[in-house]
Amino acid sequence: MKSEVSEMGSGVGGGGGGNKYGSLNLTDLPQDCIATVFSFTSPRDACRLSLVSTTFKSASESDAVWESFLPSDHQASIPSSLSFSSKKELYLSLCENHILIDGGRKSLQLERVSGKKVYMLSARDLFIVWGDTPTYWRWISLPESRFEEVAELINVCWLEIRGKIAISMLSPMTRYKACLVFKATAGAYGFDFQPAEVSVSIAGAEGCKRTVYLDAARGLRQRYQIVPRRIGLFSRSRFLGLQAPVPPAPAGGDDQYPKTRGDGWLEIELGEFFNDGSIDGELEMSVTEVDGGHWKGGLIVQGIEIRPCL
């Protein structure tokens, strides 16, 4: 693209007979016409085109261009307390920083290259079985969380977390993936040998289910066949010094184990969904571990992120 832009610039900026574009000189067009052409490109292309000439730079930084890269409903989402000198500044800010919406129960951000919407549903925006029972869950604040509260799992044998978002809120013609965003406390237990079931589907429809492990260290143990000593108050079959063989890895590979995010949290993929722009209703995501009757605890749930697949 860079070489194409350079060649285009040499033809556009000059006026000599060597112009390989003949009599066409785009810089002679009104700037708003050039901006209209640029608005049909992408944020990355607009930035590259700004290097061609001063005329292109002015056109590529116009509000008309960057307005086209922003979601059509962005004005309803931006808090009135925030102000920006240009649409480009607004776009770049939404790529770098999330904003809280829906009374702080969700966050919104943009994917830098495409401008597609990225949401995170806070733990308070999720349905968590026994979430308001202090014996099983408690609500705490963490400075590293984007939300006011996160949910800490104390001790349950029935783990069930569900989230929903209106499909109309998502960018059309976009494939999304949903991920549970969480952390494990130093005393987390019950997740190493018992898989959880996750799914993403249209609400009311049967989705594709698969199994994952919420224990981040399990992937490393599986890869290197490390067998830990299993000691725990709630694991009645565990005795000091007793070691069990590592169960076979699930067929899905590494995507069935948590990964560390750039912000320091862990995430596990729940599934994918393609929004073709014609579907109404809600997208539902779930994480459950209800079959084994095993007690588990020590997870801190920040929320569920729904972002475009790259």
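This is a predicted model: local features need pLDDT of at least 70, side-chain atom pairs count only at pLDDT 80 or more; totals for chains, interfaces and linings use all residues.

**Stop one: the cysteines**

Select C309 to start: with a relative accessible area of 25%, C309 is partly exposed. Now, how far is its sulfur from the closest cysteine sulfur? The partner to click is C179, and the gap is 8.6 Å, too far for a bond.

**Colour by confidence**

The chain averages 84, and 80% of the residues score at least 70. Select residues 1-18 next: pLDDT is below 50 there, and the stretch has 19 contacts in the model beyond near neighbours in sequence. Then try residues 230-250, where pLDDT also stays under 50 and the model has 38 contacts beyond four places in sequence.

**Aromatic pairs**

Across the whole structure there are 6 aromatic pairs. Begin with W66 and F69: the ring centres sit 5.2 Å apart and the planes are at 90 degrees, so call this one edge-to-face. Both residues belong to helix α5 (residues 63-69), 3 residues apart, or about one turn of the helix. W66 is buried at 1% relative accessibility, and F69 is buried at 8%.

Now hop over to Y213 and Y257. Their ring centres are 6.1 Å apart with the planes at 25 degrees, so this pair is stacked. Y213 is in the loop between β10 and α8 (216-224), while Y257 is in the loop between α8 and β11 (259-260), so the pair ties together parts 44 residues apart in sequence. Y213 is buried, with a relative accessible area of 8%, and Y257 is buried too, at 7%.

**A hairpin**

Show strands β9 (residues 196-202) and β10 (residues 208-212), which pair in the antiparallel sense over 5 bridges. Click E197 and look across: T211 in β10 stands opposite. There are 5 residues between the strands, and in this hairpin G204 takes a positive phi near 95 degrees.

**Into the core**

Which members of the largest nonpolar core touch the most other members? Select W137, L180, L214, L270, M285 and I306, out of 56 residues in that core. Zoom in on I306: beyond its neighbours within four places in sequence, its contacts include V118, Y119, L121, I165, L170 and M285. A second, separate core has 8 residues, among them M120, I140, V181 and I300.

Conventions
Residues are numbered from 1 along each chain as its sequence is written. Side-chain values use heavy atoms; hydrogens and water are left out. pLDDT is the predictor's confidence in each residue, from 0 to 100. Contact means heavy atoms within 4.5 Å. Two strands pair if DSSP finds at least two bridges between them. Helices (H or I, at least four residues) and strands (E, at least two) are DSSP runs, numbered from the N terminus. A nonpolar core is a set of buried Ala, Val, Leu, Ile, Met, Phe, Trp, Tyr and Cys residues joined through side-chain atoms within 4.5 Å. Buried means under 20% relative accessible area, exposed over 50%, partly exposed in between (1.4 Å probe, protein chains only). A disulfide is a pair of cysteine sulfur atoms within 2.5 Å. Rings of Phe, Tyr and Trp (its six-membered ring) pair if their centres lie within 6.5 Å; planes under 30 degrees apart count as stacked, over 60 as edge-to-face and the rest as tilted.
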